[in-house]
Amino acid sequence: MLSRILIYVLGAAILSAATFFGTRMVVINQAPIKVMETIEGRIAAGAGGWNACFHNRTFGPRVNAARRANPDSIISSMAYDLSDGPVRISGETWPRYWSISFYQQNSDNFFVMNDLEMPSAAFDFILALEGQDISTFAGTPIVSPTAKGIMLIRRFAADASDMDGIIANQDALICAPA
C-alpha cells in the first residue's frame, strides 16, 4: 500500500515539475518572440514593408490613445529582416537628444548609441547577420544576433516648435536594404 502511494506522489511530483519547467520555457523563451512578432508586424505594416522607416510625427500626449512612455520622444522605427542581406541605416543625429537602439527577435537590446557617443552628426550603419559579407559597404557594421528584430531612433522634442526640424530629420533618414 505504501509503495502505491509513493508511486502516485512521485508521479505527481514529476508531472508538476514537467508542467512547471514546460510553462517556464514557453513564458520566458517564447512569449517575448511572439510579442516581438506582433510589434515587427505593426511597424512593417506602417512602413509599407520590412527594412523601411516608420515615423511617429505626433508631439505630446494623444487624446483617447495609449500613453507613450515618453511623449517628448519622437520615434522612428524599422522592423528588419536580414534574411536577404544587410540593411543600411543612415542619416544625421538630432541636436537636442538622439539615440539608436536595436532589439533582437526575443526583445533583448543588443546595441545602443546616443548622439554624445557619435563621432559626428552624420551616421551610416550596416546591420548584418554574423557571416554576411559586408566588406563592400562603407558603413559602420552592427551585427544582429537574429535575422529579424526592430530598430528605434529616439529624438527629444522640447516643444511642438521642434516638430518641423524633426520631420525633416526623419525624412532624411535612410532605412533600406544595403
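## The disulfide

Cysteine 53 and cysteine 175 are both buried (under 20% relative accessible area; exposed means over 50%, partly exposed in between, with a 1.4 Å probe and protein chains only). A disulfide joins cysteine 53 to cysteine 175, with an S to S distance of 2.1 Å. The criterion is a pair of cysteine sulfur atoms within 2.5 Å. By this rule the count is one disulfide. Cysteine 53 lies in the loop between α1 and β1 (54-55), and cysteine 175 in strand β9 (residues 174-177), so the pair ties together parts 122 residues apart in sequence. The torsion about the S-S bond is about 90°, so this disulfide is right-handed.

Helices (H or I, at least four residues) and strands (E, at least two) are DSSP runs, numbered from the N terminus.

## Basis of the model

This is a predicted model, in which local features need pLDDT of at least 70 and side-chain atom pairs count only at pLDDT 80 or more, while totals for chains, interfaces and linings use all residues. Residues are numbered from 1 along each chain as its sequence is written, and side-chain values use heavy atoms, with hydrogens and water left out.

## Helix α2

Helix α2 spans residues 163-171. Its residues Met163, Ile166, Asn169 and Gln170 are buried. They cover an arc of only 120° around the axis, which puts them on the same side of α2. The arc is taken from the directions from the helix axis to the C-beta atoms. On the other side of α2, Asp164 and Asp171 are exposed.

What do the buried residues of α2 pack against? Their partners are β1, β2 (73-81), β3 (87-92) and β8 (148-156). Contact here means heavy atoms within 4.5 Å.

## Threonine 93

Threonine 93 sits in the loop between β3 and β4 (98-104). Its relative accessible area is 13%, so threonine 93 counts as buried. Leaving out residues up to four places away in sequence, threonine 93 touches Trp98, Asp115, Met118, Ala121, Phe123 and Asn169.

## Salt bridges

How many salt bridges does a search of the whole structure find? The search finds four. The rule asks for a side-chain nitrogen of Lys or Arg within 4 Å of a carboxyl oxygen of Asp or Glu. Among them is the pair of glutamate 37 and lysine 34, at 3.7 Å, N to O. Glutamate 37 and lysine 34 are three residues apart in helix α1, so about one helical turn separates them. Glutamate 37 is partly exposed, at 39% relative accessibility.

Aspartate 124 forms a salt bridge with arginine 88, and their closest N and O atoms are 2.7 Å apart. This pair links distant parts of the chain: aspartate 124 is in strand β6 (residues 122-129) and arginine 88 in strand β3, 36 residues apart. Aspartate 124 is partly exposed at 26%. Arginine 88 is partly exposed at 22%. Aspartate 162 and arginine 96 also meet in a salt bridge, 2.7 Å from N to O. Aspartate 162 is in the loop between β8 and α2 and arginine 96 in the loop between β3 and β4, so the pair ties together parts 66 residues apart in sequence. Aspartate 162 is buried at 7% relative accessibility, whereas arginine 96 is partly exposed at 48%.
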